[in-house]
Amino acid sequence: MQRDLGSFPFPPGIRVKLISSGFQSAEDLSGVRATELSKELGISKEEALEILQIVRQERPGEESQLSARLPSARKYTALELLEQEHAQGSIITFCSALDEVLGGGVPVGKIVEVCGAPGIGKTQLSIQLVVDAQIPECFGGLGGESVYIDTEGSFIVDRAMDIAAAAVHHCHLIAESNQDEVQREAAQAFSVSGILSRIYYFRCHDYVELLAQAHLLADFLVAHPKVCIVVIDSIAFPFRHNLDDLSLRTRLLNGLAQQLISMANEHNVAVVLTNQMTTRFGQVQSSLVPALGESWGHAATIRLILRWEGKLRFASLYKSPSQKEATVPYQITSLGFRDVQSSELVSPSLNNGDNPRKRPRNDDDGDRE
Amino acid sequence: MVLLREGICPGATAQLIQALRDQNVVTVVQLASADIEDLAQKCSVSYKTLVAVRRVLLAQYSPFPSNGADLYEELLASTAILSTGNRSLDAFLDSGLYTGEVTEFVGAPGSGKTQVCLSLAVNIVCELKQRVLYIDSTGGLSASRLLHLIQEQVNNLEGQSEALQRIEVVRVFEVYRLLDVLQDFRTGFTHQVTGARCSVKAVVIDSVSALLSSILGGHQLEGMSLMMQLARELKTIARELNVAVIVTNSVVQDSGGGGGGGVKPALGRSWSYVPNVRVLLQRGTEGAAVQPMKRTATILKSSRQPTRISTEFDITSCGTLTTQTASSQHSTGDLDNAD
C-alpha cells in the first residue's frame, strides 16, 4: 500500500524520526521487524511494535493502546440504515405540533440544538425531555434513562417532580381508558421517584469540566446501556465567559461536537444542547442569532429556535436533514411543555388548567391547528 | 521516496547498499543527485556499476511524460458527466458533475448542502444506476429522507430497495478514520471493478470541515499536514478511479467584504486550492420569519464557468431533483414506509 506515513496517528516525535530515517510510506515498513525498527529509530521495542501494529492495521485479537478506542466504521447500505432508523424511536415532547414538525419527536442518534432568548423555555423543554425519555414503551416512549449535564445550575428538582407527576398521571389515564393489562402494569411501575432515580445529573462549572465530562461520558454510557438521552444545558454558558481566545473556542467546540455526534451514533442516544442568543450587526439592521459563532451552526444536526412574538411563544425548525422548515406555537404550563389549545391562541399563557384528556402522538390526534 | 534496499534492481548487491549507506546515501533521491565519480571513489566501487544502477533506478522511479493530444484522448475516454437531477443546477455547473474532479459545496448552516448531496446521490443511483459511497461526519444522513427521495423517482418497491442498496454509507467522526476509509476504498476498488456490473461513480463527503476544523490552528502543527494528506487522497481517488468527489464545507465571516455576502469558505486558503469547482449556497434574503425561500447557488471557483454567476433553486420534498420519472401525483407525503 502506498499510504503515506503522515496519515497514521503517530505522535509528532515518532513521525519526525520515521521521516528522517527515510521511511515515507507504509510500503517502506513492510519488511521491517520491530527490533530492526527500534534500532533504526532509536526508540523502545514496545513503541516500534505499536507503530507496526498501527500500520498493518492490527491483527484481530491483538489490541494495542491506540486502537482500542477506534469506533467501528462499518459500511452500511442505505437499506440497512433505513431498517435501523425504523427500529430506533424518538422522544416525544408532549407538544404534538412540535413532535409533528420534528417528525415524531427528538430522534435518537442525532444532535438537536435548542436556541432561544432567556426565559423562553429551553430548560423547561430539557426537563420535559429527560422525563419523556423514560415513558414506558407500551405508551409510545423509549423506556430508557437520562443524563442531564447542567452548566448553569438551572435544574430545579421540584419542577422536575411536577413534570414527572404530570407524565405519570397521563400514563395512568391512558392505561385506564384503554383497559390494557400490559399498560396498566407499566403505569403502576412508572412513578415519580422512579423517574427521578433514573435521571443522572452532572454539574459542570466551567468549560474544562464540561470537556472532561464529555470524555468520561463515553465510558458512562457503556456502563449504563439504557440511557437514551443526554441533555447539556447550556453549552453556550461555559464557553462564553472566561474564554478569551476565540480560535481556541472554535477548535474546542468543533472537537466537542464531533465527540458528541460520535457518541450519539455509537451508543444510540439523542443529544440535546441548549444555546443562547446573541446579536449580529448587519449592514442595515441587527438580528438575533444563535450564539457561539458560524462554525458551531454546523455541529447540530437539527436546530430549533424558540422565540417570542408578542405574548406567544413559537418554535421554528431552522435546520433539519429530513423535515421541512415550520413554525409552531407552544406554551409552558404547570404540567410542563405543552401544545397551545387551538381555541385559546389569543391568550394561551393564562391557561394553567390541566388537560388530562390530551393524548400523546401515537393516538390519532385531531389537535391540528 | 524509496529506500535503497538489496535487490531493488539488478546490480544492487548487499555490499553496494552497505557501502552507499556508509556514505550517507540512503534513498533513491540521494543516489540520483549525488556526484557519481566522488561516490565511486569513496565507496571503492567501480564507476560503471554505479552509473548502471542509477540509470535503472531512474527509469523505474521517474514519471512518464505524455503529450497534450494523448492527454486529451485519455480524458475523453475516461471522464463522465453526472447530472445533478436539477436542470438549473446542471446548466449552472456546465452540464453536471465531472468525474476526475473535486466539487465543493459551501454554505452556512441550513443552506441546503446536505439536501443537495442527498439529491445528487439519489439521482445517481436511480437515473444512472451507479453506486455512491456516502461518507457522513455530521449525522445529517437520514435514511428515511433518502427513501422519500427515491420514492419520488422509482415507483416499485423492488426498484426502491435496489436503489437503497446502491448507496454505501460510512459514518466517520475523526480524520484518521476518514483516511483509513478512503484508503480501503482505493484498494477495494481495483478488486471490484472487474466483477461488479455497476461500480462507484461518486464519493460524497459531508462534511469535511467538521473533521478538520478541530485540528487546525493553535499550537498543533499536524493539522495542516493532515489536511493536505486528505487533499492528496481525494484528488488521487478522483483522477485514478474516475469518480466524482463531492465535499461540503462551512463558511466563516469575511471581514474583507468579498463577493459572497460577507462570508467565505472555511478551512483557509490552503484548502481553497483543493477543489476544482466551488459553489456557495445561500438562503434568500434573511427575513425575520423563517419561511421556505428560494436558495441561490453562486460559483466561487471553476475552470469552465465564469465566476460570480448565480442561479436559484428550491429545496422541496423531492430535494433538489426536478426530473421526475415516477407519477407526479406523489404529494408531499410523510416519511412512513409503505409496508
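Predicted model: local features only at pLDDT ≥ 70, side-chain atom pairs only at ≥ 80, totals over all residues.
## Chain A overall

Chain A holds 12 helices and 14 strands. Of its 369 residues, 54% count as buried. Among contacts in chain A between residues at least 6 apart in sequence, 63% join residues at least 24 apart.

## Strand E4 of chain A

E4(A) pairs with two strands of chain A. With strand E8 (residues 270-275) it runs parallel, joined by 5 bridges; here Val114(A) has Thr274(A) as its bridge partner. With strand E11 (residues 302-309) the pairing is again in the parallel sense, over 5 bridges, and Cys115(A) stands opposite Ile305(A).

## Ala48 in helix H3 of chain A

Ala48(A) belongs to helix H3 (residues 45-55) of chain A. Its relative accessibility is 0%, so Ala48(A) counts as buried. Leaving aside residues up to four places away in sequence, Ala48(A) touches Ala34(A), Leu37(A), Ser38(A) and Ile43(A). Glu36(A) is 12 residues from Ala48(A) along the chain, and the C-alpha atoms of the two are separated by 8.8 Å.

## Interface of chains A and B

The size of an interface is often given as the accessible area lost when the parts come together. For chain A and chain B this buried area is about 5,100 Å², with 55% of it on carbon and sulfur atoms. In terms of contacts, 51 residues of chain A meet 63 residues of chain B. Across the interface there are 14 residue pairs in polar contact, with both residues at pLDDT 80 or more. Several elements of chain A each supply at least two residues to the side that touches chain B: helix H1 (12-20), strand E1 (75-77), helix H4 (78-87), helix H12 (246-267) and E12. H12(A) gives the most, with 7 residues. By class, this side of chain A has 17 nonpolar, 21 polar and 13 charged residues.

E1(A) and strand E5 (residues 167-171) of chain B pair in the antiparallel sense over 3 bridges. Within this pairing, Tyr76(A) stands opposite Val169(B).

## Glu325 of chain A and its arginine partners

Side chains of opposite charge can pair when their charged atoms come close. Across the interface of chain A and chain B, 2 salt bridges are found. One of them joins the side chains of Glu325(A) and Arg295(B), at 3.4 Å from N to O. The side chains of Arg283(B) and Glu325(A) also meet in a salt bridge, at 2.4 Å from N to O. This second pair runs from strand E10 (residues 277-283) of chain B, which holds Arg283(B), to the loop between E12 and E13 of chain A, which holds Glu325(A).

The loop that carries Glu325(A) lies between strand E12 (312-319) and strand E13 (327-333). Glu325(A) has a relative accessible area of 17%, under the 20% limit, and is therefore buried. Arg283(B) is buried as well. The side chain of Glu325(A) is also in polar contact with the side chains of Arg283(B), at 2.4 Å, and Arg295(B), at 3.4 Å.

## Salt bridges within chain B

Over all chains the count comes to 16 salt bridges. One within chain B joins the side chains of Arg304(B) and Glu101(B) at 2.9 Å, N to O. These partners are 203 residues apart: Arg304(B) is in the loop between strands E11 (295-301) and E12 (310-313) of chain B, and Glu101(B) is in the loop between strands E2 (97-98) and E3 (102-107) of chain B. Arg304(B) is partly exposed, with a relative accessible area of 30%, whereas Glu101(B) is buried at 12% relative accessibility.

Another salt bridge joins the side chains of Arg186(B) and Glu233(B) at 3.1 Å, N to O. Arg186(B) lies in helix H10 (residues 175-192) of chain B and Glu233(B) in helix H12 (residues 222-241) of chain B, 47 residues apart. Arg186(B) is buried, with a relative accessible area of 16%, and Glu233(B) is buried at 11%. Elsewhere, salt bridges that share partners join Glu325(A), Arg283(B) and Arg295(B) into one network.

Terms used
Residues numbered from 1 in each chain as written. Chains lettered and ligands numbered in written order. Heavy atoms only, no water. Helix = DSSP H or I, 4+ residues; strand = E, 2+ residues; numbered from the N terminus. Buried < 20%, exposed > 50% of the residue type's maximum accessible area, 1.4 Å probe, protein only. Polar contact = N/O pair within 3.5 Å; in protein donor to acceptor, adjacent residues only side chain to side chain. Contact = heavy atoms within 4.5 Å. Buried area = accessible area lost by both parts, 1.4 Å probe. Salt bridge = Lys/Arg side-chain N within 4 Å of Asp/Glu carboxyl O. Nonpolar A, V, L, I, M, F, W, Y, C, P; charged D, E, K, R; others polar. Pairing = 2+ DSSP bridges.
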